[in-house]
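I opened the notebook to record what I looked up in this model, going sheet by sheet and then into the cores. The entries follow the order in which I checked things.

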Amino acid sequence: MATVEDTNTVTAAMGEPVRRRDFINIAAVSFAGVGAGAIALPLINQMNPSADVLALASIEVDVSAIAVGSAIKTEFRKQPLFIRHLKPEEIEAANKVDVASLREPQTLAERTQPGKENYLITMGVCTHLGCVPLGAADGEVKGEYDGYFCPCHGSHYDTAGRIRKGPAPTNLVVPEYAFTSDTVVKIG
Ligand code: FES
C-alpha cells in the first residue's frame with residue numbers, strides 16, 4: 001500500500017529518490033540562477049568601458065619637437081606624464097651608476113625601449129606620496145642627481161628617473177608604451 005512518504009517522493013534521473021519538497025527547492029534555486037544570469041548580462045555590459053574611456057586609455061605623442069636635454073609634461077589617464085629627451089651626458093651618467101646600489105635596481109635600458117634609450121618616459125608622480133616632482137620644465141630644479149626633484153619631502157631622482165635620495169621608495173613609474181614610428185610614441 002502506498003504511504004504518505006511514497007506520494008511525496010519523485011524519482012530523480014539517477015534513480016535516487018528525491019522528496020517533493022527537495023525537488024521544489026531545487027527548481028526554485030535553478031530559476032534564481034537563470035534569473036541572476038539574465039540580470040548579470042546587462043550589468044556587465046554597463047560596466048564595459050565606453051568609447052570615450054577607451055580613447056583616454058592610451059595617448060599618442062610626437063616626440064620630435066622635444067629638444068635634446070629638454071622634457072615635456074603632458075597628461076596620461078589624468079596624471080602627469082614626463083617625456084625627457086636625454087642628452088648623451090645624461091645617458092652616460094645613468095649608465096655609470098652601480099645598479100646594485102640602487103633602492104630599486106634598474107638600468108636605463110630596462111626603463112626605456114631598445115634603440116630609444118634617449119627617451120625617458122615616466123609618470124610625473126612622486127612614488128612617496130604622489131606630489132609632482134620638478135625638473136620637467138626648463139629652469140626647474142632637477143635635484144642632486146640631475147633628474148627630477150620632489151619638493152614635498154625632498155626626493156631626488158636621477159637622469160633615469162630612479163630614486164637616489166629622500167623618502168620615495170621606488171623609481172618613477174614607467175608606463176607601458178611603444179614607438180609606432182620613429183617619432184610617435186603610443187602610451188598605454
Ligand atoms: S611626495 Fe615626493 S617626497 Fe614626499
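In which sense do strand β8 and β9 pair, and over how many bridges? I found that β8, residues 155–158, pairs with β9 in the antiparallel sense over two bridges. I was working with a predicted model, in which local features need pLDDT of at least 70 and side-chain atom pairs count only at pLDDT 80 or more, while totals for chains, interfaces and linings use all residues. Residues are numbered from 1 along each chain as its sequence is written, and side-chain values use heavy atoms, with hydrogens and water left out.

For my own reference, helices (H or I, at least four residues) and strands (E, at least two) are DSSP runs numbered from the N terminus, and two strands pair if DSSP finds at least two bridges between them.

**Sheet β7-β8-β9**

I next placed that pair in its sheet, which is open and consists of three strands in the order β7-β8-β9 with antiparallel pairing. Because β7 (146–150) and β9 (163–165) stand at the edges with a single partner strand each, one side of each is left without a neighbour in the sheet. Neighbouring strands here are turned by 35° against each other on average, direction ignored; the axes are lines fitted to C-alpha atoms, for helices over the stretch in contact, and angles run from 0 to 180 degrees between N-to-C directions. I also noted that H156 has K165 in β9 as its bridge partner.

**Sheet β4-β5-β6**

The other sheet I looked up is again an open one of three strands, in the order β4-β5-β6, and its pairing is antiparallel. Here β4 and β6 stand at the edges, each with a single partner strand, so one side of each lacks a neighbour in the sheet.

I then followed β4 (residues 71–76) and β5 (residues 79–85), which pair in the antiparallel sense over six bridges. Along this pair, I72 stands opposite I83 in β5, and E75 stands opposite P80 in β5. The two strands form a hairpin with two residues between them, and R77 in the turn has a positive phi of about 50°.

**M123**

Is M123 buried or exposed? M123, which lies in strand β6, counts as buried because its relative accessibility is 7%; buried means under 20% relative accessible area, exposed over 50%, and partly exposed in between, with a 1.4 Å probe and protein chains only. Leaving aside neighbours within four places in sequence, M123 is in contact (heavy atoms within 4.5 Å) with F76, Q79, P80, L81, F82, L172, V173 and P175.

**Cores**

I turned to the nonpolar cores, each a set of buried Ala, Val, Leu, Ile, Met, Phe, Trp, Tyr and Cys residues joined through side-chain atoms within 4.5 Å. The largest has 14 residues, and V63, L81, I83, I121, V185 and I187 have the most contacts inside it. At least two of its residues come from each of β5, β6 (119–123), β10 (177–179) and β11 (184–187), and β6 gives the largest share, three residues. Apart from neighbours within four places in sequence, V63 is in contact with I83, Y119, F179, T183 and V185. A second, separate core of 10 residues includes A71, Y148, C150 and I163.

**E90**

My last entry concerns E90 in helix α4 (residues 88–96), which counts as buried at 2% relative accessibility. Again leaving aside neighbours within four places in sequence, E90 is in contact with G69, R84, H85, K142, D146 and T159.
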